[in-house]
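Look at the sequence and the model first.

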There are 2 protein chains.
Amino acid sequence: MREKPTSLSEEEIENLLDHYKEWKLDKKDGKPIFKFEKEFRNFIEAFSFITKVALVSESINHHAEIWNVYNKLKLELFTHETSSLTTKDKEFITLLMK
Amino acid sequence: MREKPTSLSEEEIENLLDHYKEWKLDKKDGKPIFKFEKEFRNFIEAFSFITKVALVSESINHHAEIWNVYNKLKLELFTHETSSLTTKDKEFITLLMK
């Protein structure tokens, strides 16, 4: 059985963002979220990455919000269960960006 | 070579919406768009449909705006070239909903 996600400390968040430069800290409805924004070469490149997002999401049962039009992609990520950024978000980003 | 898309008449739009009940007429920045909103059983069902959206988009080079979180999906569609609803949008919807 999976462990309950625990909130990330400020230092853990900083380390994660330092390591994965395409991810930023943002706010949504007053709560912190991780945000990813990228313009790919074309739709094929963007959608290949979206497929990876889907596989990671489903494999750890943690689903990002996905927005796409043609080569543009935005992802928003946080943990609904705790309304915070947790070990679950870190796991998602780490798996996706490998 | 593909024909240039031509704007749909009001009657053509009505017929399309009559036929494909999950698609509605909406406005964005004062311009008409086709909008699709659906809640699927789960992410696997939603993403399977998104994959179909991607294949149709790429096959006719006409890309919808995609928004998804878990089982929820929104699509927005119009023809950038003409800033209107055209034969291209009709082709997209028809292929997707087959």
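Through which surface do the copies meet, the same or a different one? The model is predicted. Of the interface residues of chain B, 100% are also interface residues in chain A, so the copies meet through the same surface.

**The symmetry**

Two copies of a chain are related by a rotation about an axis and a shift along it.

**The interface**

The contact involves 16 residues of chain B and 16 residues of chain A. About 1500 Å² is buried between the two chains, and carbon and sulfur atoms give 71% of that area. Three residues stand out on the chain B side. B:F43, B:F47 and B:I66 supply 31% of the area that chain B buries against chain A, more than any other three residues.

Which elements of chain B each supply at least two residues to the side that touches chain A? They are α2 (43-60) and β3 (65-69). α2(B) gives the most, with 8 residues. By class, the residues on this side of chain B are 10 nonpolar, 4 polar and 2 charged.

Polar contacts do occur. There are 4 residue pairs in polar contact across the interface, both members at pLDDT 80 or more.

**The strands**

Others lie within a chain.

| Strands paired | Bridges | One bridge pair |
|---|---|---|
| β2(A) and β4(A) | 6 bridges | A:K38 and A:L73 |
| β3(A) and β4(A) | 5 bridges | A:N68 and A:L73 |
| β1(B) and β2(B) | 6 bridges | B:K24 and B:K35 |

In chain A, β4(A) (residues 72-77) pairs with β2(A) (residues 31-39). β4(A) is also joined to β3(A). A:L73 of β4(A) takes part in both pairings. Its bridge partner is A:K38 in one and A:N68 in the other.

Two hairpins deserve a look. The hairpin of β3(A) and β4(A) has 2 residues between the strands, and A:Y70 takes a positive phi near 50° there. In chain B, β1(B) and β2(B) form a hairpin, also with 2 residues between them. In that turn B:D29 has a positive phi of about 50°.

**Salt bridges**

Side chains of opposite charge can pair when their charged atoms come close. How many salt bridges does the whole structure hold over all chains? The search finds 16. One of them joins the side chains of B:E81 and B:K4, at 3.6 Å from N to O. B:E81 lies in the loop between β4 (72-77) and α3 (87-97) of chain B, and B:K4 in the segment before α1 (10-19), so the pair ties together parts that are 77 residues apart in sequence.

Key: Residues numbered from 1 in each chain as written. Chains lettered and ligands numbered in written order. Predicted model: local features only at pLDDT ≥ 70, side-chain atom pairs only at ≥ 80, totals over all residues. Heavy atoms only, no water. Contact = heavy atoms within 4.5 Å. Buried area = accessible area lost by both parts, 1.4 Å probe. Polar contact = N/O pair within 3.5 Å; in protein donor to acceptor, adjacent residues only side chain to side chain. Helix = DSSP H or I, 4+ residues; strand = E, 2+ residues; numbered from the N terminus. Nonpolar A, V, L, I, M, F, W, Y, C, P; charged D, E, K, R; others polar. Pairing = 2+ DSSP bridges. Salt bridge = Lys/Arg side-chain N within 4 Å of Asp/Glu carboxyl O.
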